[in-house]
Amino acid sequence: MNDTIAAIATGHQPTAIGIVRLSGPQAIAALDQVFTPAGGKPMGEQPDRLLVYGTLHTPQGAELDHCLATVSRAPHSYTGEDTAELQCHGSPVLLSMALEALFGCGVRQARAGEFTQRAFLAGKMDLTRTEAVADLIHAESQAAVYQAAGQLGGALAQVIEDIYQQLTYLMAHFHAVLDYPDEDIDPFEAREIAHTLAQAGDKLDKLSATYRRGKALVEGIPCAIVGKPNAGKSTLFNALLGYDRAIVTPIAGTTRDTVEERLNLGGVLLRLIDTAGLRDSDDQVEQLGVERSRQALRRSELTLVVVDASRPRDAEEEELLSLAAAQGPTILVYNKEDLPAAAPLPQPPAGVETVALSALTGDGLDQLELAISRLFPQDPGLRPGTLLTNARQAQAAGQARACLTRAQQALQAGMPPDAVLTDVEEALTYLGELTGRVVREDITSQIFQRFCVGK
């Protein structure tokens, strides 16, 4: 790229320090037009990665700030190009003025994710590391941070590279035997193909199986809070969040729509969904709310069935419990433990955890947190950074696995090696899409849409 870009790399709220970042062939020259080091030596003559104190000013000389600047020359920089940074006081107005001063020096505004995109195009990182940058920025749990950091360090890329090299060796051996029949090369045999395909297929199966966990880390687990009207669902929703997000009244049917918030509970990122009470109603608006509640229940991966412990469970609640338990992980929440209990409380369906609490007083919320952490434990056998975390990765891995399955079927059917290896070559293409060896513009454009400006 021949142009030079700049952007504010910090937020748009007042902060102690604000950063303006530049990248491109004129980055250092543009910096010298708006920044004068206190020692007099221009930044173009300063060593890389040295913080230099000086004066920030417009190209016309009007002072804007006394701050720090640093430069990193190609190829030893984040983007692989000449880069520069200004570390100013964090006034949004000041940072905007600094940016305008740079625009006056021929620099243009960077697009969202363009710094990382340039790093990818310069070969500084592959696509899995690129996506890890965005995941790390948006991480909402400690587990998500560890996963993104590991992926940024190349853990996922290494898993993919191992499979890629295994299949590449298979292809290379075949062509070596084919092209150099007179050389002393080990013969190419069907059992070698079968063994390699089986090994690579097993590795891809294990990799694809990580997607559910990886997606949950990044996007959160849909968790519906369901139950009859006035069971205390909205009170529990507010208690878990720590503030009054949903309206709570003694009137049955207050909640008419689903309300969703993200919450880290028990080390698990949840997309917590408060729902309307499930009951038959002649009110058209409430009917719509009940239908949305049922939709939330159907798409949830964890269900909290809230029951008023001061009343006996009825047939509708039994049916709801069975429905939730058949769908996936379910916790039966006996709420209103601060009131006299209806005794005895019947046993829940098999596999359903039970927690007794008072959403009003907060007693027992810690037990709910423990129950959730037990349902979604972290796999101690997985190295951080080796999970697939988005649909693009999962799709590419799945397509590569499908190619290997076709190759295995062709081999079993007695097809010649060149026909079998056609599918292996296609599998290599999909693995290349995972890491960016095979670059598709539509894929990369979608990836960088997730980034903020300045990264």
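Helices, taken as DSSP runs of H or I with at least four residues, and strands, taken as E runs of at least two, are numbered from the N terminus. On this basis the secondary structure of the protein chain, examined here in a predicted model, comes to 15 helices and 13 strands. Of the 455 residues in the chain, buried residues make up 48%. Among contacts between residues at least 6 apart in sequence, 65% join residues at least 24 apart.

In soluble globular proteins, nonpolar side chains tend to be buried together. In the present model the largest nonpolar core holds 30 residues, and those that touch the most other members are Leu167, Leu197, Leu204, Leu404, Val420, Val424 and Leu431. Two or more residues are given to this core by each of four elements, namely helix H6 (155-179), helix H7 (190-208), helix H13 (391-412) and helix H14 (417-435). When residues up to four places away in sequence are not counted, Val424 touches Leu167, Met171, Leu197 and Ala407.

Two of the helices that contribute to the core, H7 and H13, have axes that come within 9 Å and cross at roughly 155 degrees. Because angles over 145 degrees count as roughly antiparallel, H7 is described as roughly antiparallel to H13. The crossing of this pair, H7 and H13, is left-handed. On the H7 side, the contact is made by Ala190, Ile193, Ala194, Leu197, Ala198, Ala200, Gly201, Leu204, Asp205 and Ser208, while H13 supplies Ala397, Gly398, Ala400, Arg401, Leu404, Ala407, Gln408 and Leu411. Sorted by class, the contact of H7 with H13 comprises 12 nonpolar, four polar and two charged residues. Leu197, Leu204 and Leu404, which take part in this contact, are also among the core residues that touch the most other members.

By class, seven nonpolar, two polar and three charged residues make up the contact of H4 with H5.

Technical notes. Residues are numbered from 1 along each chain as its sequence is written. This is a predicted model: local features need pLDDT of at least 70, side-chain atom pairs count only at pLDDT 80 or more; totals for chains, interfaces and linings use all residues. Side-chain values use heavy atoms; hydrogens and water are left out. A nonpolar core is a set of buried Ala, Val, Leu, Ile, Met, Phe, Trp, Tyr and Cys residues joined through side-chain atoms within 4.5 Å. Buried means under 20% relative accessible area, exposed over 50%, partly exposed in between (1.4 Å probe, protein chains only). Contact means heavy atoms within 4.5 Å. Axes are lines fitted to C-alpha atoms, for helices over the stretch in contact, and angles run from 0 to 180 degrees between N-to-C directions. Angles under 35 degrees count as roughly parallel, over 145 as roughly antiparallel, 65 to 115 as roughly perpendicular and the rest as oblique. A crossing is left-handed if the near helix is turned anticlockwise from the far one by less than a right angle, and right-handed if clockwise. Ala, Val, Leu, Ile, Met, Phe, Trp, Tyr, Cys and Pro count as nonpolar, Asp, Glu, Lys and Arg as charged, and the others, Gly among them, as polar.
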